Amino acid sequence: MRSNDFMFINGQLSGPEVIHKSKHLSQLKGLFEDKHAFQQMSGEQVVYDIDVWRPVPDGTEGGLFFGVTHIYPGTVGDEYFMTHGHFHKVENRGEYYWGIEGKGLLLLMDKEGNTRGEDIKPGSIHYIPGFTAHRVVNTGSEVLRFGACWPADAGHNYASINTTGFSKRVKKVDNKPLLL
Ligand code: S6P
Ligand code: ZN
């Protein structure tokens with residue numbers, strides 16, 4: 001039997017074709033509400049790291065991608081660190097997320113702009129339907145790691161999040177997360 005070089009141990013994905021990307025605070029400009037607090041922080045700060053395995057070329061119909069995202073703890077003002085968030089370019093494409101380590105909130109926003117949250121924690125599984133924007137927020141004091149599996153032809157539409165954002169934000173109020 002052919003051996004497989006891809007491993008997923010202790011929340012870490014490894015293998016010959018795994019791509020690693022870091023998202024710095026400067027790449028999330030405009031997404032956090034408190035512009036003054038944002039300006040006071042270093043744009044070099046890493047908010048999250050992503051490891052992705054793409055066994056087939058980007059855009060392959062019927063293919064699947066596998067990734068792990070590691071969001072570090074922190075806030076901009078009173079708003080927790082979060083991923084950029086996106087709709088899929090091929091809008092009807094769904095996705096699975098699952099919690100590995102740490103705690104947070106998955107924000108899901110439909111095309112009408114209704115946003116709801118699901119708690120992410122170790123072992124939680126989240127089905128993200130098509131036509132639904134998704135963003136993950138780290139509400140804990142440790143790194144939040146979650147897995148993702150999505151169609152290789154889904155693509156990402158970040159532009160609409162840049163212009164309209166999500167209709168709700170997750171803030172630290174009295175040391176607790178609140179979806180506002
Ligand atoms: C891809 C999947 C994840 C995200 C990652 C970062 O469809 O949802 O791998 O790309 O969590 O989030 P974002 O919003 O910066 O792409
Ligand atoms: Zn996605």
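**Close-up 1. Glu101 and Arg145, a cross-strand pair.** In strand 13, Arg145 is the bridge partner of Glu101, and in this predicted model the side chains of the two residues also meet in a salt bridge at 3.0 Å, N to O. A salt bridge is counted where a side-chain nitrogen of Lys or Arg lies within 4 Å of a carboxyl oxygen of Asp or Glu. The pair links distant parts of the chain, with Glu101 in strand 8 and Arg145 in strand 13, 44 residues apart. Glu101 is partly exposed, with a relative accessible area of 33%, whereas Arg145 is buried, with a relative accessible area of 14%. Here buried stands for under 20% relative accessible area, exposed for over 50%, and partly exposed for the range in between, with a 1.4 Å probe and protein chains only. Strands are DSSP runs of E with at least two residues, helices are runs of H or I with at least four, and both are numbered from the N terminus.

Two notes apply to every view. Residues are numbered from 1 along each chain as its sequence is written, while chains are lettered from A and ligands numbered from 1 in the order in which they are written. Because the model is predicted, local features need pLDDT of at least 70 and side-chain atom pairs count only at pLDDT 80 or more, whereas totals for chains, interfaces and linings use all residues, and side-chain values use heavy atoms, with hydrogens and water left out.

Close-up 2. An open sheet of 6 strands runs in the order 3-4-5-13-8-11, with antiparallel pairing. Strand 3 (19-24) and strand 11 (125-128) stand at the edges with a single partner strand each, so one side of each is left without a neighbour in the sheet. Neighbouring strands of this sheet are turned by 20° against each other on average, direction ignored; such angles are taken between lines fitted to C-alpha atoms, for helices over the stretch in contact, and run from 0 to 180 degrees between N-to-C directions. Two strands are called paired if DSSP finds at least two bridges between them. Strand 5 (residues 64-71) is joined to strand 13 (residues 144-151) by 8 bridges, and strand 8 (residues 95-101) pairs with strand 13 over 5 bridges, again in the antiparallel sense. Strand 13 is mostly covered, with 7 of its 8 residues buried.

Close-up 3. Thr69 is found in strand 5, and the bridge partner of Thr69 in strand 13 is Phe146. Phe66, for its part, stands opposite Cys149 in strand 13. Thr69 is buried, with a relative accessible area of 9%. Leaving aside neighbours within four places in sequence, Thr69 is in contact with Tyr48, Asp49, Ile50, Thr83, Leu144, Arg145 and Phe146, where contact means heavy atoms within 4.5 Å.

Close-up 4. Glu79 forms a salt bridge with Arg169, the closest N and O atoms being 2.7 Å apart. This pair links distant parts of the chain, since Glu79 lies in strand 7 (residues 79-80) and Arg169 in the loop between helix 2 (159-164) and strand 14 (170-173), 90 residues apart. Glu79 is buried, with a relative accessible area of 1%, whereas Arg169 is partly exposed, at 23%. Glu33, Glu79, Arg169 and Lys171 are linked in a network of salt bridges, and a search of the whole structure finds 7 salt bridges.

Close-up 5. An open sheet of 3 strands has the order 10-9-12 and antiparallel pairing. Its edge strands are strand 10 (115-120) and strand 12 (133-138), each of which pairs on one side only, and the twist averages 25° from one strand to the next. Strand 9 (residues 104-109) is joined to strand 10 by 6 bridges, and Leu106 stands opposite Glu118 in strand 10. Glu118 forms a salt bridge with Arg116, the closest N and O atoms being 2.9 Å apart, and Arg116 counts as partly exposed at 43% relative accessibility.
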